[in-house]
Amino acid sequence: MEKLLTILTPTHNRGKYLGDIFKVLQQQTNQNFEWMIVDDGSTDNTKEIVESFIESNKLRIRYFYKENGGKHTAVNYGLKYISTKLTVILDSDDYFTNDAVEVIEKTYNENKNEKNICGFTFLKRRRNGELFGSEFPREGRYNFFEMEIE
């Protein structure tokens, strides 16, 4: 069965952080995703760590290695191989709440027949729960070009 969402993690010498992501992705309340890791020329043990995740067979994981070129090149590289309807970038030192995939899929399903929507934006919080920036307005649709960025 084809997954709905690709969680794209560009990484460079951040193998030590990937275990936390692996753990939280296994705990997702909705498993309708694949995890794509694009290794941007790491010289640490990233490859071995990812191989151990793949061998565990606990998640659908796709791993790509490329020469170092910066995060933007790793993201662009990964985008070429995505076949799911949705994509979210999860940096190697970030994490998801356990219901993140569920919330993404619910939001998509509630809005997939709407016209003039190019994406969804979700709030980001620190590990202690503190919000980065300000809350979004609770209701309606918004043009982010017209919103003030703090």
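**Close-up views of a predicted model**

View 1. At 4% relative accessibility, Asp40 counts as buried, because buried here means a relative accessible area under 20%. The structure shown is a predicted model, and in it the side chain of Asp40 meets that of Lys66 in a salt bridge, with 2.7 Å from N to O. The two partners come from distant parts of the chain, since Lys66 belongs to strand β3 and Asp40 to strand β2, 26 residues apart. Lys66 is likewise buried, with a relative accessible area of 11%.

**View 2. Glu34 and its arginine partners.** In this view the side chains of Arg60 and Glu34 form a salt bridge of 3.0 Å, taken from N to O. This pair also joins distant parts of the chain, with Arg60 in the loop between α2 (46-56) and β3 (61-66) and Glu34 in strand β2 (residues 33-40), 26 residues apart. Is Glu34 buried or exposed? Glu34 is buried, with a relative accessible area of 1%, whereas Arg60 is partly exposed, at 44%. Arg62 belongs to the picture too, as Glu34, Arg60 and Arg62 are linked in a network of salt bridges.

**View 3. Asp93 and Arg14, a pair between two loops.** Side chains of opposite charge can pair when their charged atoms come close. Here the side chains of Asp93 and Arg14 meet in a salt bridge, with 3.0 Å from N to O. Asp93 sits in the loop between β4 (86-89) and α4 (100-111), while Arg14 sits in the loop between β1 (5-11) and α1 (15-26), so that the pair links distant parts of the chain, 79 residues apart. Both partners are partly exposed, Asp93 with a relative accessible area of 34% and Arg14 with 28%. A search of the whole structure finds six salt bridges.

**View 4. Ser92 and the residues around it.** Ser92 is found in the loop between β4 and α4, and with a relative accessible area of 3% this serine is buried. Which residues does Ser92 touch, if those up to four places away in sequence are not counted? They are Thr9, Pro10, Thr11, Arg14, Tyr17, Leu18 and Ile21. Arg14, one of these contacts, is also the salt-bridge partner of Asp93.

**View 5. The largest nonpolar core, with Ile61 among its members.** This core has 24 residues, of which Ile7, Leu25, Trp35 and Ile61 touch the most other members. At least two residues of the core are supplied by each of β1, α1, β2, α2, β3 and α4, and α1 gives the most, with five residues. Leaving out residues up to four places away in sequence, Ile61 touches Phe22, Trp35, Ile37, Val50, Phe53 and Ile54. A second, separate core is made of seven residues, including Leu8, Met36, Val38 and Ile82.

View 6. Val103, Phe120 and Phe122 make a nonpolar surface patch of about 230 Å². Of these residues, Val103 lies in helix α4 and is partly exposed, with a relative accessible area of 33%.

Definitions and conventions:
Residues are numbered from 1 along each chain as its sequence is written. This is a predicted model: local features need pLDDT of at least 70, side-chain atom pairs count only at pLDDT 80 or more; totals for chains, interfaces and linings use all residues. Side-chain values use heavy atoms; hydrogens and water are left out. A salt bridge is a side-chain nitrogen of Lys or Arg within 4 Å of a carboxyl oxygen of Asp or Glu. Helices (H or I, at least four residues) and strands (E, at least two) are DSSP runs, numbered from the N terminus. Buried means under 20% relative accessible area, exposed over 50%, partly exposed in between (1.4 Å probe, protein chains only). A nonpolar core is a set of buried Ala, Val, Leu, Ile, Met, Phe, Trp, Tyr and Cys residues joined through side-chain atoms within 4.5 Å. Contact means heavy atoms within 4.5 Å. Patches are made of residues with over 30% relative accessible area and no salt bridge: like charges are joined within 9 Å, nonpolar side chains (Val, Leu, Ile, Met, Phe, Trp, Tyr) within 5 Å. Accessible areas come from the Shrake-Rupley method with a 1.4 Å probe; for residues, only the protein chains shown count as cover.
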